[in-house]
Amino acid sequence: MLLGLSAFILSKEKIEDEFINACRLKAFKVAFVAGIIYYLQDAFGTYSGALLNSSFYLLVMQIGVYCVIFYLLKSGLTNGK
């Protein structure tokens, strides 16, 4: 599953230009920060659920955040700030 999702997020767009590269970079940054926050909440016990019991869930969450943010940035639904 992780290999398939990784191939999905690393695949090229039909038109690969600087705008798409900037959207990718912003989405990767947001997903990385979200993963750190999610991990720290679990490590210090502030997250009440037991969802993060392996690195698999962390990676799937980060890929999900990346996909959502990349779609929002690419479609122009956010202003990109």
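**Entry 1. Lys 74**

I began with Lys 74, which is partly exposed at a relative accessible area of 35%. I note that the model is a predicted one. I placed Lys 74 in helix H3. I then listed its contacts, leaving out residues up to four places away in sequence: Lys 74 touches Glu 13, Phe 19, Ile 20 and Cys 23. I also looked up Asn 21, which lies 53 residues from Lys 74 along the chain, with 10.0 Å between the two C-alpha atoms.

**Entry 2. Salt bridges**

I asked how many salt bridges the count comes to. The count is two.

I took the pair of Lys 74 and Glu 13, whose side chains meet in a salt bridge at 3.0 Å, N to O. This pair links distant parts of the chain, since Lys 74 is in helix H3 and Glu 13 is in the loop between H1 and H2, 61 residues apart. I read Glu 13 as partly exposed because its relative accessibility is 27%, which lies between the 20% and 50% limits.

I next took Glu 16 and Arg 24, which form a salt bridge with their closest N and O atoms 3.3 Å apart. Side chains of opposite charge can pair when their charged atoms come close.

**Entry 3. The chain as a whole**

I recorded three helices and zero strands for the protein chain. From the N terminus on, the elements run α-α-α. The chain has 81 residues, and buried residues make up 19% of them. I noted an accessible surface of about 5,900 Å², with 68% of it belonging to carbon and sulfur atoms. Among contacts with a separation of 6 or more, 63% are between residues 24 or more positions apart.

**Entry 4. Helix H2**

I then asked which residues of H2 are buried. They are Ile 20, Cys 23, Arg 24, Ala 27, Ala 31, Gly 35 and Tyr 38. What covers these buried residues includes helix H1 (2–10) and H3.

**Entry 5. The nonpolar core**

I looked up the largest nonpolar core and found nine residues in it: Ile 9, Ile 20, Cys 23, Ala 27, Ala 31, Ile 63, Tyr 66, Phe 70 and Leu 73. H2 and helix H3 (55–75) are the elements that give two or more residues to this core.

I looked up Gln 62, which is in helix H3. At 16% relative accessibility, Gln 62 counts as buried, because buried means under 20%. Not counting residues up to four places away in sequence, Gln 62 touches Ala 31, Phe 32 and Gly 35.

I turned to Leu 58, also placed in helix H3. Leu 58 counts as buried because its relative accessibility is 17%.

I then looked at Phe 32, placed in helix H2. With 52% relative accessibility, Phe 32 counts as exposed, since exposed means over 50%. Phe 32 and Ile 63 are 31 residues apart in sequence, with their C-alpha atoms 9.4 Å apart.

**Entry 6. A nonpolar surface patch**

I asked which residues make the nonpolar surface patch of about 730 Å². They are Phe 32, Val 33, Ile 36, Ile 37, Tyr 39, Leu 40 and Phe 44. I picked out Ile 36, which is found in helix H2 (residues 18–43). Ile 36 is at 36% relative accessibility and so counts as partly exposed.

Key:
Residues numbered from 1 in each chain as written. Predicted model: local features only at pLDDT ≥ 70, side-chain atom pairs only at ≥ 80, totals over all residues. Heavy atoms only, no water. Patch = residues over 30% accessible without salt bridge, like charges linked within 9 Å, V, L, I, M, F, W, Y side chains within 5 Å. Areas by Shrake-Rupley, 256 points an atom, 1.4 Å probe, with all protein chains shown as cover. Salt bridge = Lys/Arg side-chain N within 4 Å of Asp/Glu carboxyl O. Helix = DSSP H or I, 4+ residues; strand = E, 2+ residues; numbered from the N terminus. Buried < 20%, exposed > 50% of the residue type's maximum accessible area, 1.4 Å probe, protein only. Core = buried A, V, L, I, M, F, W, Y, C linked by side-chain atoms within 4.5 Å. Contact = heavy atoms within 4.5 Å.
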